[in-house]
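Here are my notes on the model, as numbered points. They start with one residue and then turn to the folds and the contact between the chains.

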Amino acid sequence: MRVAIDQVGKQYAGPDGSPVTALDNVCLTIEQEEFVVLVGPSGCGKSTLLNMVGGLLAPTSGRIVVEGLTEDRDPTVGMVFQEVGLFPWRTVESNIGFGLEESALSTEEQRERIRRHIELVGLSGFEKSYPHQLSGGMRQRAGIARTLVIQPDLLLMDEPFSALDAQTRTLMQEELLRIWEAHRLSTLYVTHNIQEAVYLADRIVVLSRRPGRVTSILQIELPRRGRDAVEHSARFNFYCDHIWGLIRKDAEDALREV
Amino acid sequence: MALFQREVQFRLAFMERKVSRWTGPGGIAILIVFWQAVCMSGWVSELYLPAPTSILKTGLEMMASGEIAVNMQASLQRIGWGYAIGSAAGIGIGLLTGFSKLAEAIGNPLIYSLYPIPKIALLPLIILWLGIGEVSKITIISLGVFFPVVINTYSGVKNVDPLLLKVAVSYRTSRMNMIRKVVLPAALPVIFAGLKLAAGTSLLLLVAAEMIAAKEGVGAMILHYGDLMLTTKLMVGVLVLSLLGLVFNRILEWVERRLIPWK
């Protein structure tokens, strides 16, 4: 699956009624089986862009096209949210099954798929737990399973690990790569964490702030797995420093603004 | 040089103080004993304040004669139907006005202009319209139940976490299923707050309606014995109402625990 974001812009009505441009003329493609990470300072509209790709926000201008569907239908988009958004009244199992309930699959098939995905994200034994009984990391695992179980054409992740503590986050990043290898979905991933971006991405798209524009696109020339190994550290750090250099001024501006 | 040390005190202990489960019943027991003592001392005439023991004795007699059963049955039927109809309508319309912008635009001005009218004031009108039988009593109770439930349901729906709606939309849930699977459960805690409020209102309207126009029912019984100055029997009626309210609340709490296990 390939996604073409074509001259997309988004304007909001600001607090005083005058239009605020959140995104301006963004052009970007996500290739088949490509892991694209959007980085930028807070307020650069990266989540806005992701929500538009997911159909949860309408662009003011431009269009977003999904190409390479094998049938004539709307693409199935899998969304993973920062705050997960598990239904508190459903157990892990039933949360993961949510997206399958209205599908044509038989109950047995649904159950089997749910079981496989619970295993995939390592939540076996917690099928009957309620979200409030889980740790933050486990909740996000459930969120990822819920998204993958519907076999989406496209995976969108909105800062999925930024509510987690640093240690859990590192483990979840490794975990995500392992899970991603199993599905190889075209992925758009939003983060403000540069290390995370360099660790995960095939390609990094840097956005500027107000209006959000694509400042730069970097191909990450490192092997998919094990980028935190010592032999890659020089190159890894080079990417991080370079991106930080691109974002720094905007981030400082964002900090000054209340 | 002398060195001192002092242990750090837990300064929030007062918030975690354990209270025995008998403290509550104990409080009631003390009140009843005091009441009994006042009556036995002869300060107050039995006509104005009957003693707890004579209320209990009369209550048992009235139970044996079947008088309480007859009146309770009449009252329970009215309140049962009234509460069921009022709360079902309240939840249904509340979900609709909360979820649909059109229903909200039409419904809210209507609901909020009818809400402040004390429902008892409508009783004569309703009796005129629907006659003096059961229908008018059930209607007035339904009306009283409807408003707190509809308003709570509406605000419950309005306060559903938008993230959960986004999740449902991103899995392409249909509108109907979105209400059933997401909006209703998410609003349930607030809906229950409304249902509990309505329980009190329904008792109030039950008694009022029975006092105005009924031969049977706990309210009618209380009014009857009040007219005859049979204070002890009147107090039995009051006690029955208090127990009825208590049981009603317990049932609602039980249902709430069953329906909202995730809280």
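1. B:I91 counts as buried because it has 22 C-beta neighbours inside 10 Å, and the cut-off for that class is 20 or more. This is a predicted model, so the count is a computed one. The residue sits in helix α3 of chain B, which covers residues 67–99.

2. What does B:I91 touch, once its neighbours within four places in sequence are left aside? The contacts are B:V149, B:T153 and B:I191. B:L184 lies 93 residues from B:I91 along the chain, and the two C-alpha atoms are separated by 9.2 Å.

3. On confidence, the average pLDDT of chain B is 91, and 100% of its residues score at least 70. For the complex, the predictor gives a pTM of 0.79 and an ipTM of 0.75.

4. Chain A contains nine strands and seven helices. Along the principal axes, its C-alpha atoms fill a box of roughly 50 × 45 × 40 Å. Of the 258 residues in chain A, 42% are buried. Among contacts in chain A with a separation of 6 or more, 73% come from residues 24 or more positions apart.

5. One sheet of chain A is open and has six strands in the order β5-β6-β7-β3-β8-β9, with mixed pairing. Its edge strands are β5 (77–80) and β9 (214–219), each of which pairs on one side only. From one strand to the next, the twist averages 15 degrees. Helix α7 of chain A (residues 233–256) packs on this sheet and touches β3, β8 and β9 of chain A. The direction of that helix makes about 20 degrees with that of β8(A).

6. Which way do the side chains of β3(A) point? A:F35, A:V37 and A:V39 point one way, A:V36 and A:L38 point the other way, and all are buried. The strand, residues 35–39 of chain A, is thus mostly covered, with five of its five residues buried.

7. β3(A) has parallel pairing to β7(A) (residues 186–191), with five bridges. Within that pair, A:L38 has A:V190 as its bridge partner. β3(A) also pairs in the parallel sense with β8(A) (residues 203–207), over four bridges. There, the bridge partner of A:V36 is A:R203. Further along the sheet, β6(A) (residues 154–158) runs parallel to β7(A) and is joined to it by five bridges. A:L156 stands opposite A:L188 of β7(A).

8. A second open sheet of chain A has three strands in the order β2-β1-β4, with antiparallel pairing. The edge strands, β2 (19–30) and β4 (61–67) of chain A, each pair on one side only. Neighbouring strands of this sheet are turned by 15 degrees against each other on average, direction ignored. β1(A), residues 2–13, pairs with β4(A) over six bridges in the antiparallel sense. One of the pairings to check on screen is A:V3, whose bridge partner in β4(A) is A:V66.

9. Helix α1 of chain A (residues 46–53) lies across β1, β2 and β4 of chain A and runs at about 120 degrees to β1(A). Is this helix enclosed or exposed? Eight of its eight residues are buried, so α1(A) is largely enclosed by the rest of the structure. The buried residues include A:K46, A:N51 and the nonpolar A:L49, A:L50, A:M52 and A:V53. Just after α1(A), A:G55 takes a positive phi of about 80 degrees.

10. The contact between the chains takes 16 residues from chain A and 13 residues from chain B. On the chain B side, α7 (162–170) and α8 (175–212) each supply at least two residues. α7(B) gives the most to that side, with six residues. By class, the side of chain B that touches chain A has eight nonpolar, four polar and one charged residues.

Definitions and conventions:
Residues are numbered from 1 along each chain as its sequence is written. Chains are lettered from A and ligands numbered from 1 in the order in which they are written. Two strands pair if DSSP finds at least two bridges between them. Axes are lines fitted to C-alpha atoms, for helices over the stretch in contact, and angles run from 0 to 180 degrees between N-to-C directions. Two residues are in contact if their C-beta atoms, placed from the backbone, lie within 7 Å. A residue is buried if 20 or more other C-beta atoms lie within 10 Å of its own, exposed if 12 or fewer, and partly exposed in between; C-beta atoms are placed from the backbone. pLDDT is the predictor's confidence in each residue, from 0 to 100.
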